[in-house]
Amino acid sequence: MDIKNMISELFGCSLPQNITETEYNGVYVKYDAESANIGGNTIPAKCRAYTLLAKGISEGKKSFEISEKPSLKTLGAMLDMSRGGVMRAESVKTYIKYLAAHGYNMLMLYTEDTYEVKDYPYLGYQRGRYTVEELRGIDDFAAELGVEVIPCIQTLGHMEQFLRYSVNDEIADNARVLLVGEEKTYKFIESCIATMRSAFRTNRLHIGCDETAGLGLGQYLVKNGMRDRFEIFSEHLGKVTKLCEKYGFRPMMWSDMYFSLVEKSKEEDYMPHVVVPQYAIDAMPDADMVFWDYYHTNNEFYKINIEKHKSFNRPVVFGGGIWTWDGFVPNYDHTYNTMKPAMEEVLRGGVPEVIVTIWSNDGCETSHMLALPQLSLFSEYCWKGEACTKDDIWSMSRFTTGMTEELSHAISDFFFREDGAIRAGKHVLWSDPLINLLCFDFDLPAAKKYLTDAIAVIEKYENTEYILAAFRACLDKCEIHLNLRDRYKAGDKEYLRDFADNKIPEIIADFEKLHTLHREMWYRDYKAHGFENIMCRYGAAIERLRHTGRVINDYLDGKISEIEELEPELIRGQKCKWLAANDFMYIHTM
């Protein structure tokens, strides 16, 4: 791989002809307007050195010298390929280029079922699964850039897409969890691990095992009676880790079940007050523990849990996250507010490895490509250590992606400055114009101002058409909920007629534009499978707008005496987290 040309092409910049490369324990760059000296002891370190050279030149600097040493042994990103969208292999390779350019040395592909396994045709069926050849191609490309690709699969929970087919009933405890103790379960898991061995050169494998809701309470309970769930979990984990050893893999796993299974009144996955009993520590197999969290904004939470993980005497990995899983655009502000204290405690606690998770819950509405601007948050903490500043982060982001701090704040206002997990903008955008299922009391005037002010900022930047379209569609729905019900209750028929005849066609046009831009972005970076789910949401949203116009005109023309959907008084309730599109749309069962 010609690193110099890769960096030039990736960032559209020219680099000096006279560049010498030397070995250096870390990253080294020296530039004097005519020549440059680049140093690094790994390929990602050299890639970062070339990036810093290009960045300095682009900023107009005539001479500079930079020396950096990493605070982490491993810095990687995890791309979620299982929640609706599977990135095309070429798009993954583009991501690898960005990772290496920042100085990352690892990529993780999270695939619950989206990879092919011989003898299990329903694994990833009609879901855009990767072929073994595609995975090998990704791994080969990453190896050229010194990036280790670690497969991340599930070997217990999160298997609902596979278990939905009745041919797999014999290995299902419940709709999401595999049946522990069943011989056929371990035959399936072994086939999955063997496939990973055939596709990747790494000696590490992430086996998942998180959030195993209902473990031991379904078919397992019928077959075996009631047993302690932690014992069931430990028994299963022992068998899976032995399979990993058989195929030359060092396992790692999400660590939450070691905390939640011993806490009977679970409120969250890593409650600070939970004392991990010695029996749980003793039961832990020889596997790396991945402590994941991206919800807390205080240092103390991360500090306490890092220390608890150390008590297991197993290698500790921290799993942070870029907030891409709440619809349409990333929540850059919430990422910074949660990951700044996390990274500070990771460095202070001596945690050697960090995985940046980039999840795509609820259909992968947000492109993984929109997470690229915040790779710099983690890379700059890795390479600058505790001295890292917000300016360092956004300076790198501005160079690598064009994302400024001002623009990031504006985009984050899609979530109305609520808790990131509220998914506020998405709630409003997908909400029904007549049947308002927004189950808590949004400050809609404030939301309107956030959206309006953000649009004014975003319009100043290039290549923001999709983001602007999402904001405008959300603002349209905000306006509907601010006015339509009240104007109907007030008997303002002039408003209603104008809304039906003029405003609704404009809103439909906004949604159609957003749909078109979203579709173009999807098919550029993702396999076709998955967009049908999002397309159904657009189709329903647009048809409900058309229906709203028909209903209003029927009311105004005397064909109906009232608009039934607008008659009930709205219930103002508690704010809710984690709602998906179907929870506040109209696609629900009676």
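Predicted model: local features only at pLDDT ≥ 70, side-chain atom pairs only at ≥ 80, totals over all residues.
Biologist: What does the C-alpha trace of the protein chain span along its principal axes, and what percentage of its residues is buried?
Modeller: The C-alpha trace spans about 80 × 75 × 45 Å along the principal axes. Buried denotes under 20% relative accessible area, exposed over 50%, and partly exposed in between, with a 1.4 Å probe and protein chains only. Of the 590 residues, the buried share is 59%.

Biologist: What share of the contacts with a separation of 6 or more joins residues 24 or more positions apart?
Modeller: A contact requires heavy atoms within 4.5 Å. Among contacts in the protein chain with a separation of 6 or more, residues 24 or more positions apart account for 75%.

Biologist: What volume does the second largest pocket have?
Modeller: A pocket is an open set of points, on a 1 Å grid over the protein atoms alone, where a 1.4 Å probe fits, with protein on both sides within 12 Å along at least five of seven lines; lining residues have an atom within 4 Å of a point. Grid points are joined across faces, edges and corners, and the volume is the space filled by probe spheres set on the points. For the second largest pocket this comes to about 840 Å³.

Biologist: Which residues are closest to the centre of the second largest pocket, and which element gives the most to its lining?
Modeller: The lining holds 29 residues, and those closest to the centre are Met 369, Leu 370, Thr 401, Asn 463 and Arg 524. Elements that give two or more residues are α3 (89-102), α15 (390-401), α16 (405-412), α19 (465-489) and α20 (493-525). The element that gives the most, with 5 residues, is α20.

Biologist: Which elements are included in the cover of the buried residues of α16?
Modeller: The buried residues of α16 are Leu 407, Ser 408, Ala 410, Ile 411 and Ser 412. Their cover includes α12 (332-348), α15, α18 (444-458) and α19.

Biologist: Is Cys 209 buried or exposed?
Modeller: Cys 209 sits in the loop between β8 (204-206) and α7 (219-224). Most residues other than glycine have a negative phi. Cys 209, although not a glycine, has a positive phi of about 70 degrees. Its relative accessible area is 0%, so Cys 209 is buried.

Biologist: Is Arg 417 buried or exposed?
Modeller: Arg 417 belongs to the loop between α16 and α17 (424-430). Its phi is also positive, near 60 degrees, in a residue other than glycine. With a relative accessible area of 59%, Arg 417 is exposed.

Biologist: Which residues does Asn 168 touch, not counting residues up to four places away in sequence?
Modeller: Asn 168 lies in the loop between α5 (160-163) and α6 (183-199), and its relative accessibility of 6% makes it buried. Beyond those sequence neighbours, Asn 168 touches Tyr 122, Phe 162 and Leu 163.

Biologist: With which residues is Lys 62 in contact, leaving aside its neighbours within four places in sequence?
Modeller: Lys 62 occupies the loop between α2 (43-58) and β4 (64-68), where its relative accessibility of 63% counts as exposed. Apart from those neighbours, Lys 62 is in contact with Tyr 31, Asp 32 and Ala 33.

Technical notes: Residues numbered from 1 in each chain as written. Heavy atoms only, no water. Helix = DSSP H or I, 4+ residues; strand = E, 2+ residues; numbered from the N terminus.
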